[in-house]
Amino acid sequence: MLEAKNLSFGYEERLILEDVSLALKAGETLSIMGVSGSGKSTLLHILSSFLKPQKGEVRIFGDDIYALSPNKLLSLRRNSIGIIFQSHYLFSGFSAQENLEVAALLSKEKIDEEILSLFGILDILSQNIGALSGGQQQRLSIARILTKRPKIIFADEPTGNLDRETAFNVMQLLFDYVELTQSLLIFASHDPILARKAMYAYKLEDTTLKVID
């Protein structure tokens with residue numbers, strides 16, 4: 001479903017990534033650890049179609065994503081890719097329900113109340129985003145992404161604003177989603193225990209991915 005070959009990227013004279021390759025099939029999960037500034041976010045941006053590598057290629061469903069037309073790339077992002085950030089990026093003037101409805105409208109999918117119940121946010125839908133706690137906002141943000149039924153999920157420190165117990169519960173829900181829908185999950189994390197829960201766990205160090213023992 002996703003294949004990256006010989007990716008390289010740098011800023012000015014500093015090399016961030018060099019000759020990075022990976023491949024994932026349906027139902028698989030991969031974690032990336034690394035110190036701040038090691039390039040985790042850069043790699044996720046490249047894999048998720050938002051930053052063209054200086055060398056190498058990224059293929060999703062067999063297509064070189066950086067060779068797609070703008071319309072096909074937009075369709076891929078809208079219908080197949082879900083991106084979860086540490087910051088929730090919710091519409092602050094909207095209610096929780098309205099935020100979900102925007103995602104449902106764009107993806108032409110129905111809001112899944114089972115997902116909302118599992119995330120513990122079913123009873124806060126009428127509240128304005130500003131009235132929610134940071135944890136509620138982040139769980140709503142992740143549920144909003146899952147509303148579009150993405151086939152590939154990229155997550156950059158998705159549970160960084162959650163307490164440890166909630167973080168593990170939310171990540172387990174993401175793992176369950178991947179298994180149920182035979183999708184993919186690639187996520188960055190600072191938590192070694194959480195990172196090792198993925199099928200493949202790597203550390204980004206010295207511009208390359210190294211398997212975590």
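Here is a walk through the structure, one part at a time. Keep in mind that this is a predicted model.

Four strands make it up, in the order 2-1-4-5, and the pairing is antiparallel. Strand 2 (14-24) and strand 5 (63-64) stand at the edges with a single partner strand each, so one side of each has no neighbour in the sheet. Further in, strand 1 (residues 2-11) pairs with strand 4 (residues 55-60) through 5 bridges, again in the antiparallel sense. If you want to find one of these pairings on screen, look for Lys5, whose bridge partner in strand 4 is Glu57.

Now move along the chain to strand 7 (residues 152-156). Is this strand enclosed or open to the outside? Of its 5 residues, 5 are buried, so strand 7 is largely enclosed by the rest of the structure.

Strand 7 has a partner in strand 6 (residues 81-84), with 4 bridges in the parallel sense. Here Ile84 has Ala155 of strand 7 as its bridge partner. Strand 7 also runs parallel to strand 8 (residues 184-188), and 5 bridges join the two. In that pairing, Ile153 stands opposite Leu185 of strand 8. To get from strand 7 to strand 8, the chain crosses through helix 6 (residues 164-181), making a right-handed β-α-β crossover.

Helix 6 deserves a stop of its own. With 18 residues, helix 6 reaches 26 Å from its first C-alpha to its last, close to the 26 Å expected at 1.5 Å a residue. At its N-terminal end sits a cap: a side-chain oxygen of Asp163 lies 3.2 Å from the backbone nitrogen of Glu165. Just after the helix, Gln182 takes a positive phi of about 55 degrees. Along helix 6, the buried residues include Ala167, Val170, Met171, Leu174 and Val178. An α-helix has 3.6 residues a turn, so residues three or four places apart point the same way.

What do buried residues like these build together? In soluble globular proteins, nonpolar side chains tend to be buried together. The largest nonpolar core here has 33 residues, and Phe119, Leu140, Leu174 and Leu185 touch the most other members. Helix 3 (96-107), helix 4 (113-118), helix 5, strand 7, helix 6 and strand 8 are the elements that give two or more residues to this core. Which of them gives the most? That would be helix 6, with 9 residues.

Last stop: Thr147, in helix 5 (residues 134-147). At 3% relative accessibility, Thr147 counts as buried, because the cut-off for that label is under 20%. Where does its polar side chain atom sit? A polar atom of the Thr147 side chain lies 3.0 Å from the backbone oxygen of Ala143. Leaving out neighbours within four places in sequence, Thr147 is in contact with several residues, including Leu100, Ala103, Ser107 and Ile111.

Conventions: Residues numbered from 1 in each chain as written. Predicted model: local features only at pLDDT ≥ 70, side-chain atom pairs only at ≥ 80, totals over all residues. Heavy atoms only, no water. Buried < 20%, exposed > 50% of the residue type's maximum accessible area, 1.4 Å probe, protein only. Pairing = 2+ DSSP bridges. Right-handed = clockwise from strand over helix to strand, strands pointing away. Polar contact = N/O pair within 3.5 Å; in protein donor to acceptor, adjacent residues only side chain to side chain. Contact = heavy atoms within 4.5 Å. Core = buried A, V, L, I, M, F, W, Y, C linked by side-chain atoms within 4.5 Å. Expected span 1.5 Å × (residues − 1).
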